[in-house]
Amino acid sequence: MTARNIKGSIVALVTPFSADGSVNFDKLGELIDFHLSHKTDAILILGTTGESSTMSHEEDNAVCEYTVRRVAGRVPIIAGSGSNCTETMLEKSLSFQKLGADGLLLITPYYNKTNEEGMYLHFKTVADAVEIPCILYNVPGRTGCAISENVVRRLAVHPNITGIKEASGSLSYAAKIARYLNEDFVMYSGNDDIILPMMALGSSGVISVVANMLPEETHNIVWDYLNGDREKALAAQLKYLSVINDLFIEVNPVPVKEAMNLMGMNVGGYRLPLAPMSEGNRAVLKAAMEEAGIL
């Protein structure tokens, strides 16, 4: 199984927790099976939506090992190995590679940030050391720093760097880096509300939060567009737009877990500093889900 040039919907999978706060592996297995049977094209574990920032390295490894075993090669598995410490990101990347992940998602160095050369070397260090594809992750709203167009240009030619998850929400930035796309370096929308505009700029699909709830619908949005039925893709994008927006009414992944629990998926809660939604925001999210026919 390869994580090179995946097309379609890659779910940014939540990590389900039990009542005591531990990882609920039985539920994780149910979620994986749900995605395998509802057209999800690849699974991203241990990303922002997966709450990896509050999990130990041992838990990360356990989730990766379990997911690899459960999926059994049926779709590609991408593991979020990012850190603001390059050496930690390297250590996690090598560990996930050994455990059988098909690819890696590498985030920018949050908090300590860096200069241009440091940003380049942060990603190059890992890409030089691993043998599986690496996807850059640009999400300045979460990390406080961004990958410049020049650094993308330099990294796009690395044989182990095969794509970028572009989650700045800026179509202007996406257009600038689109000039570096080819069959060896692809782009994914990191924002569910602009899947189609990003695909118009050449993206190969989406790394999606809403796919946790609507895997087949998200898959269909991408593939309808790729197959030329752009009116159908647009209708679905707009149908779910209010729900997508309300999944970010509070910090991700609080709303998506709340939405999944409203749907009876029972994925549990969160780890501090994340806390339950306010009742007002929960009502807004529930109303949007009812209007879209999800509830």
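The legends below describe close-up views of pockets and aromatic rings in a predicted model. In this predicted model, local features need pLDDT of at least 70 and side-chain atom pairs count only at pLDDT 80 or more, while totals for chains, interfaces and linings use all residues. Residues are numbered from 1 along each chain as its sequence is written, and side-chain values use heavy atoms, with hydrogens and water left out.

**View 1. The largest pocket and its lining of 26 residues.** A pocket is, on a 1 Å grid over the protein atoms alone, an open set of points where a 1.4 Å probe fits, with protein on both sides within 12 Å along at least five of seven lines, and lining residues have an atom within 4 Å of a point. The space in the largest pocket comes to about 530 Å³, where a volume is the space filled by probe spheres set on the grid points, joined across faces, edges and corners. Nearest the centre of the largest pocket lie T48, S52, S53, I107 and Y110. At least two lining residues each come from helix 2 (57–71), strand 4 (103–107) and helix 5 (140–143); helices (H or I, at least four residues) and strands (E, at least two) are DSSP runs, numbered from the N terminus. The lining comprises ten nonpolar, twelve polar and four charged residues, with Ala, Val, Leu, Ile, Met, Phe, Trp, Tyr, Cys and Pro counted as nonpolar, Asp, Glu, Lys and Arg as charged, and the others, Gly among them, as polar.

**View 2. The second largest pocket, with about 360 Å³ of space.** Of the 22 residues that line the second largest pocket, V139, A167, G190, N191 and F248 lie nearest its centre. Helix 5 and helix 11 (241–246) are the elements that give two or more residues to this lining, and the largest share, three residues, belongs to helix 5.

**View 3. The one aromatic pair of the structure.** The ring centres of F25 and Y66 are 5.4 Å apart and their planes stand at 55°, so the pair is tilted (rings of Phe, Tyr and Trp, its six-membered ring, pair if their centres lie within 6.5 Å; planes under 30 degrees apart count as stacked, over 60 as edge-to-face and the rest as tilted). F25 belongs to helix 1 (residues 25–36) and Y66 to helix 2, 41 residues apart in the chain.

**View 4. R154 over the face of Y120.** R154 lies 3.7 Å from the ring centre of Y120, a charge being over a ring if NZ of Lys or CZ of Arg is within 6 Å of the ring centre and within 35 degrees of the ring normal.
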